[in-house]
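Keep the sequence and the 3D view open side by side.

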Amino acid sequence: MRVIVVGAGVVGTMHAWHAVERGHEVVQIERETEARGASLRNFGQIWVSGRAGGEELDTALRARELWEDIGGRVPALGFRPNGSLTPIRGELELAVAEAAVARADAAARGYELLTPDGARALNPALRGEFDAALYCGRDAAVEPRTAQVALRAELRKSPRYTFLPGREVREVTGERAVRDDHGEVHTGDAVVLCTGAWLGGLVRELAGPDLPVRRVRLQMMQTDPLGEPLPTSVADADSFRYYPAYASPALDELNGRQPQAGTAAEHRMQLLMVQRADGGLTIGDTHEYEHPFAFDTLEDPYDHLTGVARSLLGRPLPKVRRRWAGVYAQCVDSGRVAHRQRVRNRVWLVTGPGGRGMTCSPAIAETTANELGW
């Protein structure tokens, strides 16, 4: 079988990976020299902890297994099973964490409720004041800025893989062929469009104007090296408000009695913090849903994130090295892990994993391969 994959972000690259692994020939086409979208502009977290129970959690856990397997074969991915800690302050936040630990699927996530001393035994860099911490042992991390490059370097070892960068697919011709902006036609037995947040143009033409996917904008930043290890990923308790695993009467009470306020509420914020291979910290993030998106980045969210991170670390942050905004595609139906649609005979569109893209992409691609009979 010959598979044409359009898009070289993490979802597209994982589709190429599974196809090559199953013995098929793959042509992967990318409009940029290298992907520059949400696949690079994220935390690199394999984030199991907050996923909704059922299909979403099953997908994340399967993806976690696949990431670990692939990471063993491709060390440059920087895969590390670092787990995560969410420090907690006050009885209301503690009640949400206790409800999470009481879930039937808590063991599958690796949830544990730790004392401050227990949390610092795992992550001594957390010198700030907190009352307890929720640990998730199944969370992990990779290096987002280099992951696709590392995967592609491994794929290129196969004579069945071809990468064609700097080509924008303009047209689907016939049942299973695409034409790029160089005028070249690429024909295969299946075409998979993994176009990320690019939802206009050809995607709108193929999928129609009512594609159940929206675009979401975020702001993030990265610091100079911390100067010490941050052994786990770190979240703040505002993450309870944004991840479905924490939905409970205790969360309703937290939101009712201690609602998110100020800059955090205005920009729909949570703190997520991951240490990079060079020692720097990736920190975010915000959520903007209303179009048109701003073209600039705002300082207030960065000030808020800096303050929260500093309070948990109990020390000043290193100098901020870079700031950026990103846009990802998210299914409108929150119950769906990704939007998978046949838009022509033997042509499929796979998009909309939202903030789950880096976490779930290996399993999303595996599901596509299974459903299409690769």
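Start at Met-14. Leaving aside neighbours within four places in sequence, Met-14 is in contact with Trp-67, Ile-70, Leu-151, Ser-361, Pro-362 and Ala-365. Contact here means heavy atoms within 4.5 Å. This is a predicted model, in which local features need pLDDT of at least 70 and side-chain atom pairs count only at pLDDT 80 or more, while totals for chains, interfaces and linings use all residues. Residues are numbered from 1 along each chain as its sequence is written, and side-chain values use heavy atoms, with hydrogens and water left out.

Met-14 belongs to the largest nonpolar core, which has 46 residues. Such a core is a set of buried Ala, Val, Leu, Ile, Met, Phe, Trp, Tyr and Cys residues joined through side-chain atoms within 4.5 Å. Buried means under 20% relative accessible area, exposed means over 50%, and partly exposed lies in between (1.4 Å probe, protein chains only). The residues with the most contacts inside this core are Met-14, Val-26, Trp-67, Ile-70, Leu-77, Tyr-161 and Trp-374. Several elements each give two or more residues to this core, including strand S1 (2-6), helix H1 (10-21), helix H2 (55-73), helix H6 (144-155) and helix H11 (357-371). Helices (H or I, at least four residues) and strands (E, at least two) are DSSP runs, numbered from the N terminus. Another core, of 28 residues, lies apart from the largest one. Among its members are Ala-106, Tyr-111, Leu-134 and Phe-240. In soluble globular proteins, nonpolar side chains tend to be buried together.

Now turn to strand S4 (residues 84-88). How many of its residues are buried? Five of its five residues are. Ser-84, Thr-86 and Ile-88 point one way from S4, and Leu-85 and Pro-87 point the other way. In a regular strand the side chains alternate between the two faces of the sheet. S4 has two pairings to trace. Two strands pair if DSSP finds at least two bridges between them. Five bridges join S4 to strand S6 (residues 132-136), and these two run antiparallel. Here Ser-84 stands opposite Cys-136. Two bridges join S4 to strand S14 (residues 233-235), and this pair runs parallel. Leu-85 has Val-234 of S14 as its bridge partner.

Strand S13 (residues 213-223) is mostly covered too, with nine of its 11 residues buried. S13 pairs with strand S17 (residues 320-331) in the antiparallel sense, over 11 bridges. Gln-219 has Ala-325 of S17 as its bridge partner. S13 also runs antiparallel to S16, joined by three bridges. In that pairing Met-221 stands opposite Ile-283.

Next comes a hairpin. Strand S18 (residues 339-344) and strand S19 (residues 347-351) pair in the antiparallel sense over five bridges. Arg-344 stands opposite Val-347. Two residues lie between the strands, and Arg-346 in this hairpin takes a positive phi near 65°. Arg-346 is partly exposed, with a relative accessible area of 38%.

Arg-268 also deserves a look. This residue has a positive phi of about 50° although it is not a glycine. Arg-268 sits in the loop between H9 and strand S15 (272-275). Its relative accessible area is 27%, so Arg-268 counts as partly exposed. Most residues other than glycine have a negative phi, and most peptide bonds are trans.

Which peptide bonds are cis? The bond from Gly-284 to Asp-285 is cis, with omega near 0°. The bond from His-291 to Pro-292 is cis, with omega near -5°. Asp-285 is in the loop between strand S16 (281-284) and H10. Pro-292 is in the loop between S16 and H10.

Finish at the second largest pocket, which holds about 240 Å³ of space. On a 1 Å grid over the protein atoms alone, a pocket is an open set of points where a 1.4 Å probe fits, with protein on both sides within 12 Å along at least five of seven lines; lining residues have an atom within 4 Å of a point. Of the 16 lining residues, the closest to the centre are Arg-89, Glu-93, Asp-236, Ala-237 and Asp-238. Helix H10 (residues 299-313) gives the largest share of the lining, four residues.

Technical notes. Grid points are joined across faces, edges and corners, and a volume is the space filled by probe spheres set on the points.
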